[in-house]
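Have the sequence and the 3D view open side by side. Follow the report one element at a time.

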Amino acid sequence: MSSSSSGRAVAIEVEIDRLGAQGDGIAESADGPVFVPFALPGERVRIELDADGKHATLLEVLAQSPDRVDPICPHFGICGGCTLQHLETDAYLSWKRELVVQALRSRGLEAEVEPVRPVPPGSRRRATFALGREGQSLALGYRRARSHDLIDVDVCPILSPAIVSRLPKLKAALAPFLGNRREARVGVTETNTGLDIVVQGVRPKETALAKLAAEAGKLGVARVTVGGDSVMLAPPSVRFGLAQVKPPPDAFLQAVPQAEAAMSELVLAGVGKAKRVADLFSGLGTFTLPLAESCAVDAYESDEAALAALAEAARHTPKLKPVRTIARDLFRMPLGPQELKPYDAVVFDPPRAGAAAQAEQLAASKVKRLVAVSCNPGTLARDLRLLVDGGYRITRVVPIDQFLFSGHVEAVAHLTR
Ligand SMILES: C[S@@+](CC[C@H](N)C(=O)[O-])C[C@H]1O[C@@H](n2cnc3c(N)ncnc32)[C@H](O)[C@@H]1O
């Protein structure tokens, strides 16, 4: 490390050794690793160290990596949403795969990990924005990197154009709800019938809701829910296999349809010819409903509104095998080995925290085939370790780039015993 001082800030030069799990470049120093956002391995860079000595701001790239490419978004480097648009595609996908490989290795698991299934830009159908004041004007967008300030989003190459193109008009339509509040949280999901919008952190105002309902058609909005009150133009609807599901406001939905299709294909392949399957953490039935085209499925989930939507969709879809929905907290009451006995295969897709309690019970069961779906390689590896210690063998691991240009990755694993 070499340093030069000009004025108050101390600039130093460092070599970047590797990429960290969040996509930051890491330089090794005598005092330990220094995290440098937007720097790539092999690059010599000038940085300004933060007071903690562990993080830094990139000032200049002095010697550039051959893998450096131009980012596709004008907000990149300022916006806190993406961390890795400046890395060439193959190197980027290898880094994502390595996140899964390393997570498994850290638990002593050496399973073969397939190449990452990519998703295209413009494919994300779900995002959460902040609506708030930025100086004299109103902003609807993301936070700046390492800041609470907002960036008004007019361009976002990872988001579906159906969402991005409507943000300026949505901002104007949602502005009256803000009142004296500093900020509101705005969740936007693109569904088959239009945008499903959930505004949180403000109180519903009847006149503003009525005005918004009158404009909703022009805005491409199917439903708006403000502080728990909804106005509906066309019930939002999403398709899983043959079934059309009407999601309740704010229900979980996979962020990218192409990623969801890859995950569904892998779930179906993983259960093989099973006749009876348990789908744990089923949500709206993303996997339950396609599975039910060939086998009986019991869907377990804690969100009762999501389960009701799943059950209704199953009732209205001809030719499905029997689908049962069971409301259950699987963290506190995982299915035990006795309850697991009727199933030839079990699919589990928990939130980021993983499914440790359920994995322990599965490890003690005799279920032949398991499919683990996870958006967190760390907790996936922990749960797979429990299953391998219980006698399961990992036969396939496939990462999916559901969270483009970020340090997050989805993965599906197949296990048998
Ligand atoms: C990653 S999502 C997966 C949902 C679904 N498999 C899908 O692909 O759309 C995780 C699901 O777990 C549910 N969940 C969270 N905590 C739970 C718990 N303690 N018990 C049961 N389900 C839970 C959430 O409501 C959510 O639907």
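The ligand is surrounded by 18 residues, and the closest are F281, G283, T286, S302 and D349. A residue counts as near a molecule if its C-beta atom, placed from the backbone, lies within 6 Å of it. Sorted by class, this shell holds nine nonpolar, five polar and four charged residues. Here Ala, Val, Leu, Ile, Met, Phe, Trp, Tyr, Cys and Pro are nonpolar, Asp, Glu, Lys and Arg are charged, and the others, Gly among them, are polar.

This is a predicted model: local features need pLDDT of at least 70, side-chain atom pairs count only at pLDDT 80 or more, and totals for chains, interfaces and linings use all residues. Residues are numbered from 1 along each chain as its sequence is written.

**The seven-stranded sheet**

Helices (H or I, at least four residues) and strands (E, at least two) are DSSP runs, numbered from the N terminus. Two strands pair if DSSP finds at least two bridges between them. Seven strands form an open sheet in the order β10-β9-β8-β11-β12-β13-β14, and the pairing is mixed. At its edges stand β10 (150-152) and β14 (229-232), each pairing on one side only. From one strand to the next, the twist averages 30 degrees. Such angles run from 0 to 180 degrees between N-to-C directions, with axes fitted to C-alpha atoms, for helices over the stretch in contact.

Strand β13 (residues 221-226) pairs with β14 in the antiparallel sense over four bridges. R223 has M232 in β14 as its bridge partner, and T225 stands opposite S230. Two residues lie between the strands of this hairpin, and G227 takes a positive phi near 50 degrees.

Contact means that the C-beta atoms of two residues, placed from the backbone, lie within 7 Å.

| Helix | Strands it lies across | Angle |
|---|---|---|
| α3 | β8 (126-134), β9 (137-143), β11 (183-191), β12 (194-200), β13 | about 110 degrees to β9 |
| α4 | β13, β14 | about 155 degrees to β13 |

How do the two helices meet? The axes of α3 (residues 167-178) and α4 (residues 206-219) come within 10 Å and cross at roughly 170 degrees. That makes α3 roughly antiparallel to α4, a term for angles over 145 degrees. In α3, K169, L170, A173, P176 and F177 meet A208, L212, E215 and L219 of α4. These contact residues divide into seven nonpolar, no polar and two charged.

Another open sheet has three strands in the order β3-β4-β5, with antiparallel pairing. β3 (18-19) and β5 (32-36) stand at the edges with a single partner strand each, so one side of each has no neighbour in the sheet. Two bridges pair β3 with strand β4 (residues 25-29). R18 stands opposite I26 in β4.

Elsewhere, strands β18 (residues 296-301) and β19 (residues 323-327) run parallel, joined by five bridges. With helix α7 (residues 304-315), β18 and β19 make a right-handed β-α-β unit. Right-handed means that, with the strands pointing away from the viewer, the path from the first strand over the helix to the second runs clockwise.

Methods: Parallel < 35°, antiparallel > 145°, perpendicular 65-115°, else oblique.
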